[in-house]
Amino acid sequence: MFVERARLVKSDFILSVGNASAIIGICTRLEGLPLALELASSRLKLFSPQALLMQLEESSGSRLKLLTGGASNLSKRQQTLRNTLEWSYTLLKPDLQLLFNRLAVFSGGCSLAAVEVICEDLAPTDSTNILERITALVDHSLLLMRKTPDTEDEAEPGFAMLETIREYGLEKLAKSGEEATIRQRHCDYYLALLEKAQQELQTERQSDWLNRLEQNHPNLRIALEWALVVDKAETERSSKALRMGVVLAVFWNMRGHLGEGRKWIKLILDKNQNADPTLRARLLNNAALLAGRQGDSAEAGRLLQEALAVWRELGDKRNISLALNNLGTMAFKQGDLARAYEIYQEGLELKRSLGEPRGLAATLNNLGELLQAQGDFEQAQLYYEESLALLQTLGDTHNIAIAMLNLGKLLRQCHQFEQATQYLGNSLKLLLEVGDKFNLAENLESLAEMAAAPELSQWEWVARLVGAAAALRSEIGAPLSGRQQTELGKAESAAQTALPTLVWEQNWGAGQTSPLPQLTATVIKAAQEWKKLEK
């Protein structure tokens, strides 16, 4: 449709390899709205497809200003998208206009439960409830039915508004005089969702809740942004951003939103310099984890020292041990193994005295990594196995996957490939379920190193796995540490020597582009066969 309309204003316009990507981008940005596409195509008198896409990207949030004009034989209401939306809006009864305005606060969709929260003061009229009013907006093509992203009841209906229509709705909401009230309710709803998630992320329903937060990420961003746009007097509103940030940091860390998470956390901390010290320290600790994953050990250490100082002052032994565990990890990554061991041991004593299994499991895991690096494989394995046993009693899927990953890496290093394959394969499945791209990359790299063992020499798999891991690290902005680069570099060099350049590049590229679920299933099956091929 876009190409057809484009030819009406530019007779020599053709779809080509050079402009196809830009045209797809335009159609995607305008969400396939026929009138929007028609109006956008009229702009090709002035812009190339690439320049038009750039205009749309730069004017995101003000598409309606760009999409004016159209054929002169169209009615006035069809000559601009705004006029068309205005015409549709005026056909709505006042109660539907009010609902439409309020629904514009949601981004990326919402559930009926979320709608009911922001419309709690809209009493039924003439026996018309909220769901019937929503249905009316769907009938007017101002709202779409969509699977709900934030409720436990999969049968509950969900709704979404196209962003172009939502932009118009936000203008109406701003003029309605109730924007602050609606945004407050929206923020409170998603804060409550996060605080429920905080508990659920430590249960066997961890993966479901991570998916729920991922689906709600657009709304969570909006709620957080609103909570941060405050003056110094609005401490209660700003503290909501701090409470949200504590949970979101866990989600951002587990799902690999590292760069975005760090930007948000800096804003939250800057706005909450004198906030509840316990909450602030928790966010500092979580922020350090994101910084560490991006290789910023200096910043991670600074954040952890600040958090530790707060917890020491408060005498909070549980969180002191948490900060010590993370500080030990920073020292380990920087190569100070003696300092790391000292910190871990202090944390281990605290955790054993507190009888806190989750924290104890984390420290045991970290001690295992340290001893493995020092070559004490036997004791490292004992620590890993104790950590895994504790985590299995807790049903902590994410950390079970990490413990299995570490056991797999240890057994691979000991050339116990059959057992290593079992642990790495099970870990890979769980990490995929949880969506932890950072540890998925580490798992794939470990499999690549195993494939490069002289006994196996699976060179094409080395190339494919290295390519897949590199794509993941690039996506989340988490570079290899120096030690990791050295270890993986040996496998890469051996494979590049063994393979023709073209074969290496083809397999590396295949790894870069393979869908993770497909790659995971294939490599697990292949790794089970490698032992049979052992030379």
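How many helices and strands does the protein have? In this predicted model, the protein has 29 helices and three strands. Of its 535 residues, 51% are buried, and among the contacts with a separation of 6 or more, 66% are made by residues 24 or more positions apart.

- The buried residues of helix 22 are Ala-380, Tyr-383, Tyr-384, Ser-387, Leu-388 and Leu-391.
- Seen down the axis of helix 22, these buried residues fall within an arc of 135°, so they line one face of the helix.
- On the face of helix 22 that is turned away from its buried side, Glu-378 and Thr-393 are exposed.
- The cover over the buried residues of helix 22 includes helix 20 (337-354) and helix 21 (357-373), together with helix 23 (397-413) and helix 24 (417-434).
- After helix 22 comes Gly-395, and the phi of Gly-395 is positive, near 70°.

- Gly-477, which comes just after helix 26, takes a positive phi of about 70°.

**Two pairs of crossing helices**

- Helix 16 (residues 258-271) and helix 17 (residues 277-293) have axes that come within 10 Å and cross at roughly 150°.
- Because an angle over 145 degrees counts as roughly antiparallel, helix 16 is roughly antiparallel to helix 17.
- The crossing in which helix 16 passes helix 17 is left-handed.
- Where these two helices meet, the residues of helix 16 include Leu-258, Gly-261, Arg-262 and Ile-265, while those of helix 17 include Arg-280, Leu-283, Leu-284 and Ala-287.
- Helix 8 (residues 94-103) and helix 10 (residues 130-139) also have axes that come within 10 Å, and these cross at roughly 85°.
- That angle makes helix 8 roughly perpendicular to helix 10.
- From helix 8, Asp-95, Leu-96, Leu-99, Phe-100 and Leu-103 meet Ile-130, Arg-133, Ile-134, Ala-136 and Leu-137 of helix 10.

- Lys-409 lies in helix 23, and with a relative accessible area of 16% Lys-409 is buried, since the cut-off for buried is under 20%.
- When neighbours within four places in sequence are left aside, Lys-409 is in contact with Gln-372, Leu-424, Glu-442 and Ser-446.
- Of these contacts, Leu-424 is 15 residues from Lys-409 in sequence and 7.6 Å from Lys-409 in space, C-alpha to C-alpha.
- Leu-308 is placed in helix 18 (residues 297-314), and at 5% relative accessibility Leu-308 counts as buried.
- Apart from neighbours within four places in sequence, the residues in contact with Leu-308 are Ile-320, Ala-323, Leu-324 and Leu-327.
- Leu-308 and Leu-322 are 14 residues apart in sequence, and their C-alpha atoms are 8.8 Å apart in space.

**Loop residues with a positive phi**

- Most residues other than glycine have a negative phi.
- His-415, although not a glycine, has a positive phi of about 65°.
- His-415 sits in the loop between helix 23 and helix 24, and at 41% relative accessibility His-415 counts as partly exposed.
- Ser-457, a residue other than glycine, also has a positive phi, with a value near 50°.
- The loop that holds Ser-457 runs between helix 25 (437-451) and helix 26 (459-476), and at 14% relative accessibility Ser-457 counts as buried.

Note on methods:
Residues are numbered from 1 along each chain as its sequence is written. This is a predicted model: local features need pLDDT of at least 70, side-chain atom pairs count only at pLDDT 80 or more; totals for chains, interfaces and linings use all residues. Side-chain values use heavy atoms; hydrogens and water are left out. Buried means under 20% relative accessible area, exposed over 50%, partly exposed in between (1.4 Å probe, protein chains only). Helices (H or I, at least four residues) and strands (E, at least two) are DSSP runs, numbered from the N terminus. The arc is that of the directions from the helix axis to the C-beta atoms. Contact means heavy atoms within 4.5 Å. Axes are lines fitted to C-alpha atoms, for helices over the stretch in contact, and angles run from 0 to 180 degrees between N-to-C directions. Angles under 35 degrees count as roughly parallel, over 145 as roughly antiparallel, 65 to 115 as roughly perpendicular and the rest as oblique. A crossing is left-handed if the near helix is turned anticlockwise from the far one by less than a right angle, and right-handed if clockwise.
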